[in-house]
Every structure is written in C-alpha cells, then in structure tokens.
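Please keep the sequence and the three-dimensional view at hand while reading.

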Amino acid sequence: MSRAALSIRSKLLLLLLPFVVAVICLGIGRYYISVPDTVRVLFSPLTGTAAEMDSTQLSVLFGVRLPRVILAMFIGAGLAVSGAAFQGLFTNPLATPDTLGVASGASFGAAMALMFSKNLLAVQISALIFGMCAIILTTLISRQKGKSTIIMVVLSGMVVSSLFQALVSLVKYVADPQDVLPSITYWLMGSLTGISYSSLMLGLPFILVGTLVIFFLRWRLNIMALSDDEARSLGVNVKRIRLMIMFAATFVTASCVSMCGQVGWVGLLVPHVARMLFGSNNKNVVPVSISFGAIFLVVIDTLARSATAAEIPISILTAVIGAPFFIVLLRKTGGTQL
C-alpha cells in the first residue's frame with residue numbers, strides 16, 4: 001500500500017474489515033455460533049425467517065452480543081481517531097484522548113453517579129457532563145489576554161486531569177467499601193457489560209458526530225502541524241479549526257468514557273500503528289485509525305468476555321496485548337514514522 005495515498009482497494013478493505021471481524025466475533029463466546037449461522041440469524045429479520053431461527057441464537061446475538069460489538073466498534077474507532085487528532089493537533093506523539101483532562105473528568109462524573117445510583121443512564125449522563133466541564137475548565141485556564149497557546153492548553157489539560165484524578169480518589173476513599181467501591185473500581189478499569197440499545201442511543205450520536213468532524217477536517221490536521229503564521233498564510237483559520245478538532249475529540253472521548261469507563265492504550269497505540277504502516281499524512285492516518293481502532297477493541301472485548309469464566313476488565317487486556325505489540329513495531333520501524 002502506498003504511503004502517499006490509499007488505493008481504492010485499500011479504502012474498501014479498511015471499510016469492510018471491521019464488519020468482517022465483528023461478524024466473526026459475534027459467534028465467539030461460551031455459547032459458540034458458527035459464522036454461517038451468525039450471518040443467517042443477523043439477516044433473518046430482513047429475510048422474514050426470524051421465526052425459523054433458533055431462539056437461543058436469536059437471544060444471544062441480538063440481546064447480548066450485538067449491542068456490545070456495536071459499542072466496541074464505536075468506542076475503538078472513537079478513541080483511536082481522538083488520539084490521532086490530538087497527536088496531529090499538538091504535534092506530540094504522546095498526546096492521548098486524555099490530554100485535555102476529559103477522560104479524568106468523565107471518570108469523576110461516573111464515580112459520583114455510581115456512589116448514589118446503579119442506573120447506567122445516570123452514570124452516562126453524569127460522566128458526559130463532567131467530561132464537558134473538564135474541557136471548558138481547561139479552555140478557561142489556558143486563556144491569557146483572550147488567547148490560548150498549544151503549550152498552555154496541554155499544561156492546563158494536565159492540571160485539570162490531575163485535579164479530577166484526585167477527586168476520583170476522594171470518591172473511592174469515601175465510598176462504601178462493601179457495595180459501592182468495587183463497582184467504581186471495576187467500572188474505572190473499563191467494561192462493556194450490561195450495555196443496551198437505549199444506552200447506545202444516548203452515547204453513539206456524540207461519537208459519530210465527533211468522528212465525522214475529525215474525518216472531514218483531516219486535511220487541515222496536516223496544516224496545523226505548521227506554525228500559526230504559516231497556517232494563516234495558507235488561508236486556514238487556525239483558532240476555529242483548532243477549537244473544532246479539540247471539541248470534536250472531546251465529545252468523542254467523553255462519550256466513550258461515559259459508556260464503558262476508562263480504556264487505555266487505544267488512543268495512543270492505534271494512531272502510531274497507522275502512522276508506522278501508512279506514513280504520517282493525516283489524510284491516511286485518520287481513516288486507518290478509525291478502522292484499526294474498531295477492529296482492535298472488538299477483538300479485545302471478545303477476549304475479555306470469552307477467555308475466562310469471569311470477565312476481564314478491558315484496560316488490562318489493552319495494556320497486556322498493546323504494549324508488547326507496540327514494542328515490536330518500534331523495534332521494526334525504529335519509531336521513524338512517529
């Protein structure tokens with residue numbers, strides 16, 4: 001595949017591969033369903049043959065696994081594209097979706113909600129609100145004389161992230177150690193358990209809209225790597241584009257955290273993999289990150305729910321699998337595409 005531009009065949013492959021992986025993973029679990037059976041059951045409502053299908057297969061696929069796989073695809077794609085956006089925007093290879101404190105703010109909101117309620121919808125709403133509060137707070141702190149610099153934004157994000165992490169620790173400290181604390185701790189490690197279609201409808205629109213904004217502005221991310229004066233000379237409104245990308249990535253990150261807790265490594269690992277394989281042009285990095293991110297988290301979630309009798313928190317697997325894979329890529333490329 002060319003590093004200059006993705007071919008039509010490559011683009012088609014990137015579009016179809018996440019769905020192929022999703023169909024395969026739908027059948028994997030303690031109750032195994034073959035790929036042909038999975039396809040037949042999935043299309044049975046459209047073909048009018050749902051009544052002829054095995055009721056257990058229908059229940060497992062549509063009631064349990066399909067919402068999880070859909071969520072995993074969106075979360076993986078969203079976190080990966082947010083990481084790619086932040087890395088391109090700040091020209092910093094270590095930038096992640098939590099650069100502006102969004103994930104920490106959303107985690108605090110979720111922890112607060114979990115302390116008073118077990119309602120998943122309340123947890124999502126609270127996490128989303130505090131994630132938005134984090135980006136607003138970061139923006140306000142970073143402004144000096146009506147202007148913000150990238151360094152001030154990043155430093156402000158680090159401070160806001162540390163503040164919310166301390167507040168999360170405070171919530172865990174005062175939470176009931178018997179009933180509430182285990183729920184908060186497990187949620188913070190990331191899990192797609194208990195997701196429903198109504199929950200998907202609350203968070204997915206934010207992820208979809210934010211991802212599309214970043215996708216359509218991916219050409220501008222290349223220009224944002226230049227100095228502000230050089231970018232302006234090319235006719236780009238630097239301030240507006242920077243804010244649009246920041247808030248789009250923030251919406252995506254806050255929505256992801258609000259739905260499944262903190263999931264590490266996706267926003268750091270996947271954009272680097274895309275960059276190492278296809279070059280540093282964001283025209284390629286952004287769509288590749290979306291596709292690879294969706295595939296990565298669908299596979300990770302499948303392992304999380306089927307590898308052992310007890311479900312493994314996602315963040316543990318993303319680190320255990322992601323770190324060695326990242327090391328291998330670094331050794332092969334020497335980090336030259338960072």
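The points below concern a predicted model and cover its salt bridges, its pockets and one of its helices. The structure holds three salt bridges. Helix α12 is largely enclosed by the rest of the structure.

- Side chains of opposite charge can pair when their charged atoms come close.
- An α-helix has 3.6 residues a turn, so residues three or four places apart point the same way.
- Asp-37 is partly exposed, with a relative accessible area of 24%.
- Arg-40 is also partly exposed, and its relative accessible area is 46%.

- Arg-68 forms a salt bridge with Asp-301, in which the closest N and O atoms are 2.5 Å apart.
- This pair links distant parts of the chain, since Arg-68 belongs to helix α3 and Asp-301 to helix α13, 233 residues apart.
- Asp-301 and Arg-68 are both buried.
- Arg-68 also forms a salt bridge with Glu-311, with 3.0 Å between the closest N and O atoms.
- Glu-311 lies in the loop between α13 and α14 (314–333) and Arg-68 in helix α3, so this pair ties together parts that are 243 residues apart in sequence.
- Arg-68 counts as buried because its relative accessibility is 8%, and buried means under 20%.
- Glu-311, by contrast, is partly exposed, with a relative accessible area of 21%.
- Through shared partners, the salt bridges join Arg-68, Asp-301 and Glu-311 into one network.

**The largest pocket**

- Helix α1 gives the most to the lining of the largest pocket, with eight residues.
- By class, the lining of the largest pocket has 23 nonpolar, four polar and three charged residues.

**The second largest pocket**

- Of its 16 lining residues, Lys-147, Ser-148, Thr-149, Lys-239 and Arg-242 are the closest to its centre.
- The elements that give two or more residues to this lining are α5 (120–142), α10 (228–233) and α11 (238–260).
- Helix α11 gives the most to the lining of the second largest pocket, with five residues.
- The lining of the second largest pocket divides into four nonpolar, six polar and six charged residues.

**Helix α12**

- Helix α12 (residues 266–278) has 13 residues and reaches 18 Å from its first C-alpha to its last, close to the 18 Å expected at 1.5 Å a residue.
- Twelve of the 13 residues of α12 are buried, which means that the helix is largely enclosed by the rest of the structure.
- Among the buried residues of α12 are Val-266, Pro-271, His-272, Arg-275 and Phe-278.
- Just after α12, Gly-279 takes a positive phi of about 90°.

Conventions
Residues are numbered from 1 along each chain as its sequence is written. This is a predicted model: local features need pLDDT of at least 70, side-chain atom pairs count only at pLDDT 80 or more; totals for chains, interfaces and linings use all residues. Side-chain values use heavy atoms; hydrogens and water are left out. Helices (H or I, at least four residues) and strands (E, at least two) are DSSP runs, numbered from the N terminus. The expected span of a helix is 1.5 Å times one less than its number of residues. Buried means under 20% relative accessible area, exposed over 50%, partly exposed in between (1.4 Å probe, protein chains only). Ala, Val, Leu, Ile, Met, Phe, Trp, Tyr, Cys and Pro count as nonpolar, Asp, Glu, Lys and Arg as charged, and the others, Gly among them, as polar. On a 1 Å grid over the protein atoms alone, a cavity is a set of points where a 1.4 Å probe fits but cannot get out, and a pocket is an open set with protein on both sides within 12 Å along at least five of seven lines; lining residues have an atom within 4 Å of a point. A salt bridge is a side-chain nitrogen of Lys or Arg within 4 Å of a carboxyl oxygen of Asp or Glu.
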